Amino acid sequence: MTIRMMGQASAAMKALQHRLDTIGHNLANSNTHGYKARKVEFQSLLKQNINNLSDPNNARGRITPNGIRVGTGAKVGTTNSNLALGAMQVTGRNLDTMLLHENHFYQIRVQQDGVDEIRYTRNGAFYVTPLGNGQVELVTSDGYPVYGVNGPIRFNDHFDAIRINERGEVIVTYGTTDVVAGRLAIVEIVRPRLLEAVGDNAFRLPDLAALGYNLDEIVRMAPGDVPLVKNQALETSNVSIQEEMTDMIITQRAYQLNARAITTADQMQGLINQLR
């Protein structure tokens, strides 16, 4: 029994440590624009069913399954992202944008460390970087190219002004002439729970074919005839400091309780070993 107690407590502590790490990650990104809070969900490990029906009275009027179920602990089931909209922060900067609808994302291309894939982000703080051939490219704060409906958004570098309108069109001004350099390829993720957080405030999709999906079923281009973004504003993180602090205290208490259970089991084993 003491060994079972120690195993259950050890498994619970491992899961609770993962939850504490996730809470710490949320708190560290509470001021990160476009960040989505993550939440850990637990699930039970295998149970042992013990037959206790030697007395017929135990089955009388019983609704639950027969026997006593003894669990072997818990483990981390999933880590889900809360994709609710964050608050708006007005910045006054022409290349700052905020997506107005849930499940809408910007597309960026990541090419590093052998990775070459399209990722998705809600952070609309964009910049321009020179390409060395008289052109510049629209990029994220990490330098990743931002995709437009026709690929990366590139234009001549001798411009006088630049802005992004509510439809996601990048409008570049040369003297008194406005030119549409491209339109942001804003997409709607139909099944957002499939998204996997990969760092740098971005998400990726798993191998959809292995899950029985086609890319067109999951990723749809947002309509270009309705307002999609708010210019000169950014979406703040949707992390609730109060909620995270409450969850952290609860998780710490649960971790301490399981640690005490292991200590108690160890003491019980010591007493048993001393019996003669």
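Modeller: A charge sits over a ring if NZ of Lys or CZ of Arg is within 6 Å of the ring centre and within 35 degrees of the ring normal. Also keep in mind that this is a predicted model.
Colleague: Okay, so which ring does the charged end of Arg93 sit over?
Modeller: The ring of Tyr127, with the charged end of Arg93 placed 4.2 Å from the ring centre.
Colleague: Nice. And how many aromatic pairs are there?
Modeller: The count is three. One of them is Phe105 with Phe203, an edge-to-face pair at 6.0 Å centre to centre and 75° between the planes.
Colleague: Why does that pair tie together parts that are apart in sequence?
Modeller: Because Phe105 belongs to strand S7 and Phe203 to strand S19, parts that are 98 residues apart in sequence.
Colleague: Are those two buried or exposed?
Modeller: Both Phe105 and Phe203 are buried. Another edge-to-face pair is Tyr106 and Phe126, at 5.0 Å between centres and 85° between planes. Tyr106 is in strand S7 and Phe126 in strand S9, 20 residues apart.
Colleague: What is the relative accessible area of Tyr106?
Modeller: Tyr106 has 1%, so it counts as buried, the cut-off being under 20%. Phe126, at 0%, is buried too.
Colleague: Switching topic: what volume does the largest pocket have?
Modeller: About 250 Å³. Its lining has 18 residues, and among the closest to its centre are Arg38 and Glu243.
Colleague: How do the lining residues divide into nonpolar, polar and charged?
Modeller: Three are nonpolar, seven polar and eight charged.

Methods. Residues are numbered from 1 along each chain as its sequence is written. This is a predicted model: local features need pLDDT of at least 70, side-chain atom pairs count only at pLDDT 80 or more; totals for chains, interfaces and linings use all residues. Side-chain values use heavy atoms; hydrogens and water are left out. Rings of Phe, Tyr and Trp (its six-membered ring) pair if their centres lie within 6.5 Å; planes under 30 degrees apart count as stacked, over 60 as edge-to-face and the rest as tilted. Helices (H or I, at least four residues) and strands (E, at least two) are DSSP runs, numbered from the N terminus. Buried means under 20% relative accessible area, exposed over 50%, partly exposed in between (1.4 Å probe, protein chains only). On a 1 Å grid over the protein atoms alone, a cavity is a set of points where a 1.4 Å probe fits but cannot get out, and a pocket is an open set with protein on both sides within 12 Å along at least five of seven lines; lining residues have an atom within 4 Å of a point. Grid points are joined across faces, edges and corners, and a volume is the space filled by probe spheres set on the points. Ala, Val, Leu, Ile, Met, Phe, Trp, Tyr, Cys and Pro count as nonpolar, Asp, Glu, Lys and Arg as charged, and the others, Gly among them, as polar.
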